[in-house]
Amino acid sequence: MSQPHTQNLLEAIRKVFQRRGAEGYGEGVSQLEHALQCAAFAERDGASDALITATLLHDVGHLLHELPDNVAEQGIDTQHESTGSVWLSQYFGLAVTEPVRLHVAAKRYLAATEPGYFGRLSDASKLSLRLQGGPMSSQQAATFAGETYFEDALRLRRWDEEGKIVGYQGPDLVHFNNYIKDSYIRNRDGG
Ligand SMILES: [Fe+2]
């Protein structure tokens with residue numbers, strides 16, 4: 001497969017957000033605002049380039065499909081974590097794609113293992129959790145804890161919960177270009 005120029009990759013990401021980023025995330029913030037907030041918190045907490053990129057793009061699967069943004073209310077799980085991680089695998093390695101693929105499982109894990117976590121979830125997250133299979137069984141949780149990117153998936157998940165602040169003023173999409181570029185180049189060059 002021919003490699004896209006980094007500028008084309010940044011353009012592809014910009015277009016994805018331009019096309020559907022203004023849609024509601026479901027908690028008073030848009031998809032783009034949610035993505036930017038989550039990535040800003042990952043940056044604040046000193047995450048790697050790859051994990052900041054993963055966090056910025058963790059919900060890209062919601063923006064790729066042609067379904068309306070209120071499908072969860074219709075009882076449909078779009079499996080956006082799978083769609084998103086497959087799309088991202090065109091450009092990035094496992095350090096980006098795996099936390100994205102696992103971020104829904106991380107919610108199911110935390111709901112099963114961390115006292116008080118479920119109660120703190122937003123209403124939209126509680127609804128989607130039910131559609132995504134609910135809290136993990138202890139066996140599922142033990143298997144999940146053995147995933148190579150388990151820790152990164154949990155960190156992403158916590159930023160995901162945090163990135164729902166109405167009126168938050170943070171960095172714009174361009175601010176994250178260098179993290180995206182570095183993650184892409186490292187993967188392309190096999191580093
Ligand atoms: Fe999210």
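A crossing of two helices is left-handed if the near helix is turned anticlockwise from the far one by less than a right angle. Keep that in mind for the first stop. The model on screen is predicted.

**Stop 1: H3 and H11**

Select H3 and helix H11, residues 177-188. Their axes come within 8 Å and cross at roughly 115 degrees. The crossing of H3 and H11 is left-handed. Now show side chains. H3 brings Asp49, Ala50, Ile52, Thr53 and Leu56 to the contact, and H11 brings Tyr179, Ile180, Asp182, Ser183 and Arg186. Colour by class: this contact of H3 with H11 has 5 nonpolar, 2 polar and 3 charged residues.

**Stop 2: the iron ion**

Select the iron ion. Four residues coordinate the iron ion, through His34 (NE2), His58 (NE2), Asp59 (OD) and Asp160 (OD), at 2.1 to 2.3 Å. Angles among the 4 donor atoms run from 80 to 173 degrees, and the site is irregular. Along the sequence, the donor spacing reads H-x23-H-D-x100-D. His34 sits in helix H2, and His58 in the loop between helix H3 (49-56) and helix H4 (60-64), so this pair ties together parts that are 24 residues apart in sequence.

**Stop 3: H2 and H10**

Select helix H2, residues 31-44, and helix H10, residues 150-162. Their axes come within 8 Å and cross at roughly 130 degrees. H2 and H10 are therefore oblique to each other. The crossing of H2 and H10 is right-handed. On the H2 side, pick His34, Gln37, Cys38, Phe41, Ala42 and Arg44; on the H10 side, Trp159, Asp160 and Glu162. By class, the contact of H2 with H10 has 4 nonpolar, 2 polar and 3 charged residues.

How values were computed:
Residues numbered from 1 in each chain as written. Predicted model: local features only at pLDDT ≥ 70, side-chain atom pairs only at ≥ 80, totals over all residues. Heavy atoms only, no water. Axes fitted to C-alpha atoms, helices over the stretch in contact; angles between N-to-C directions. Helix = DSSP H or I, 4+ residues; strand = E, 2+ residues; numbered from the N terminus. Parallel < 35°, antiparallel > 145°, perpendicular 65-115°, else oblique. Contact = heavy atoms within 4.5 Å. Nonpolar A, V, L, I, M, F, W, Y, C, P; charged D, E, K, R; others polar. Donors = N, O, S within 2.8 Å, 3.2 Å for Na, K, Ca; no water. Tetrahedral: all angles 85-135°; square planar, octahedral: opposite > 155°, others 65-115°.
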